[in-house]
Amino acid sequence: MAILVGVTGFASGWFTAEETTVSEVAPGVWFRKTQWKPEFIGCNQGWIIFRDFVLIIDANFPNQAEEVIKEVRKTTDKPIRYVFDTHYHGDHADGNQKFTALGATAIASENSKALFETKGIQGFDQSRKTNAKVYENLEYAKPGMYFPKKLVLDDGTQRVELLYFGHAHTAGDAVAWMPKHGLLFTGDACVNGAFNYTGDSDTASWIRVLTEMQKLPVKKIFPGHGEMSDATLLETQKRYFVELREYIGKAIDAGKTVEEIKAAIDFPFYEKWTGKKVQENVENLEHVFKEMKK
Ligand SMILES: [Zn+2]
């Protein structure tokens, strides 16, 4: 059963949390929205079919990568040549090896290189211990190609620009922009629902990154988690951090403790958007408090 949450202003109009869906969103451009209930199984993905090869957007967990490969094979028999990791987190990149084993190269922003080589490997090793069923016998596969700010793949049939705008959800987030169609695959720099993890983030910079993305003529957003949407999602995602920073900044000025903030904060818009009370986002509240207490 799908959980329906009324959300005005979104192209999708509701969340179907329990369904994984695959749809062709432009000719040769596919989006796989991954379920997050009853259990969180991974991130959303895209794939783009070029004349001679396929580019995957986000590797996902290893077991989900296998599912994606099956789905890709239903749409094309062209080789998977590249997998673009929007960032180093395990639910986006730990499945790299499934693609590199097929001859693909993983691509990421240069700013994420140090993260792949430290926290990325550490997270993978940890998951191999705690989740042997999914990770058993796998080697960590780092990206083999990094780009500073922009990498363009354009063979005349498809044009994809991989773009780095700055520190957002992590120091190395990049997005995939398809200018001909106005499609933006954001990874976790923009999510649709209660998915924001801020542990690696810089929320002031994240707001600037979202503002940069809003300068693109975006028609559709394919977020790292949650339903596809239109450009309004960038504004909603931004509003969350703008209001968090405003609220927590004022509370700090008024001498409030983080515990007092956690007890009092209430964002009806956030609840309407995600179905969750902002008070439950303890990790986000503590992170922004720490950022602003400096
Ligand atoms: Zn992430």
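## A tour from the zinc site outward

The angles between the four donor atoms around the zinc ion run from 85 to 170°, which makes the arrangement irregular. A four-donor site counts as tetrahedral if all angles lie between 85 and 135 degrees. This is a predicted model, with a mean pLDDT of 94 for the protein and 95% of its residues at 70 or more.

Select the donors next. They are His87 (NE2), His89 (ND1), His169 (NE2) and Asp188 (OD), at 2.1 to 2.5 Å from the zinc ion. Along the sequence their spacing is H-x1-H-x79-H-x18-D. Histidine 87 sits in the loop between β5 (80-84) and α2 (90-93), and aspartate 188 in the loop between β11 (183-187) and α6 (203-213), so the pair ties together parts that are 101 residues apart in sequence. Histidine 87 is buried at 0% relative accessible area, and aspartate 188 is also buried, at 5%.

Now go to proline 38, in the loop between β2 (29-33) and β3 (45-49). The peptide bond joining lysine 37 to proline 38 is cis, with omega about -5°. Most peptide bonds are trans.

Then select asparagine 60, in the loop between β4 (54-57) and α1 (62-75). Its phi is positive, near 70°, and asparagine 60 is buried, with 0% relative accessible area.

Move on to asparagine 137, in the loop between α5 (132-135) and β7 (145-147). Phi of asparagine 137 is near 65°, again a positive value, but asparagine 137 is exposed, at 72% relative accessibility.

Finish at residues 1-13, where pLDDT stays under 50. Where pLDDT is low, the predicted coordinates should not be read in detail.

How values were computed: Residues numbered from 1 in each chain as written. Predicted model: local features only at pLDDT ≥ 70, side-chain atom pairs only at ≥ 80, totals over all residues. Heavy atoms only, no water. Donors = N, O, S within 2.8 Å, 3.2 Å for Na, K, Ca; no water. Tetrahedral: all angles 85-135°; square planar, octahedral: opposite > 155°, others 65-115°. Helix = DSSP H or I, 4+ residues; strand = E, 2+ residues; numbered from the N terminus. Buried < 20%, exposed > 50% of the residue type's maximum accessible area, 1.4 Å probe, protein only. pLDDT = per-residue confidence, 0-100. Contact = heavy atoms within 4.5 Å.
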